[in-house]
Amino acid sequence: MLRFRTLLIFSLLACGFTACGPQTYTPETAISAVHADPSGVVGRFRMTVKRVGWKDGAMYLDSAQDYRDPKTLIVAVDGATANDLLHNKPQTAEQYFMNRTIIVSGLARRVPIIWLDDDGVPTGEHYFQTQIFIGDSEDLKILP
C-alpha cells in the first residue's frame, strides 16, 4: 500500500510539472525514467550543453562538465550526423553547442562504460552513463 501511495504521489507531482501533456524529459527525469525501464525510453529531451567531447569520431553533448557523474545526460551523435549538424558553421562544435539549450528526439538508455588501465586494457570495472541516441541531424534542435 505504501508503494502504491508513493507512486500515486509521484505521478500527481509529475503530472503537475508537465501539465499532463506530452512529456519532454529533463536530465533528471530522463535518468530516472531510464533507471525504471532498463530497455530504454523514447522521447523528447531538453538540456543545456555543458561539455562537448569527441571519441572515435563521434560527438558527445553532455548536460554537465563531468561526463562520469551519474546525473549527467549525454547525447551521442555519430560522426556523419555531427558533420551534418556542423556543416557550413564557422564555429567549432564547442563554440556552437556550449551553453546552448537543445531539444533532442531519440532513445535514452543506460550504457556500461568499461574502465581501461593506462595501457588501454579493460580493468573489469565499469560504470553507467545515460546516453540518448539520435537517428539523424533532424532529431536535434537548438533553441533560440
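Among contacts in the protein between residues at least 6 apart in sequence, what percentage join residues at least 24 apart? The figure is 55%, where contact means heavy atoms within 4.5 Å.

Some housekeeping. This is a predicted model, in which local features need pLDDT of at least 70 and side-chain atom pairs count only at pLDDT 80 or more, while totals for chains, interfaces and linings use all residues. Residues are numbered from 1 along each chain as its sequence is written, and side-chain values use heavy atoms, with hydrogens and water left out.

Confidence next. pLDDT is the predictor's confidence in each residue, from 0 to 100. The protein averages 87, and 85% of the residues score at least 70. Where pLDDT is low, the predicted coordinates should not be read in detail.

Now the fold. There are 4 helices and 8 strands; these are DSSP runs, helices being H or I with at least four residues and strands E with at least two, numbered from the N terminus. The order from the N terminus is α-β-α-β-β-β-β-α-α-β-β-β.

Of the 144 residues, 32% count as buried. Buried means under 20% relative accessible area, exposed over 50%, and partly exposed in between, with a 1.4 Å probe and protein chains only.

On to the core. A nonpolar core is a set of buried Ala, Val, Leu, Ile, Met, Phe, Trp, Tyr and Cys residues joined through side-chain atoms within 4.5 Å. The largest one here has 26 residues, and Met59, Val75 and Phe97 are among those with the most contacts inside it. Elements giving two or more residues to this core include helix H2 (27-36), strand S4 (58-62) and strand S6 (101-116). Leaving aside neighbours within four places in sequence, the contacts of Met59 include Trp54, Val75, Leu85 and Phe97.

Last, the charged pairs. A salt bridge is a side-chain nitrogen of Lys or Arg within 4 Å of a carboxyl oxygen of Asp or Glu, and the count comes to 2. In one, aspartate 62 pairs with arginine 51, with the closest N and O atoms 2.8 Å apart. Aspartate 62 lies in strand S4 and arginine 51 in strand S3, so the pair ties together parts that are 11 residues apart in sequence. Aspartate 62 is buried at 1% relative accessible area, whereas arginine 51 is partly exposed at 24%. Lysine 141 forms a salt bridge with glutamate 138 at 3.3 Å between the closest N and O atoms. Here lysine 141 is partly exposed at 40% and glutamate 138 exposed at 56%.
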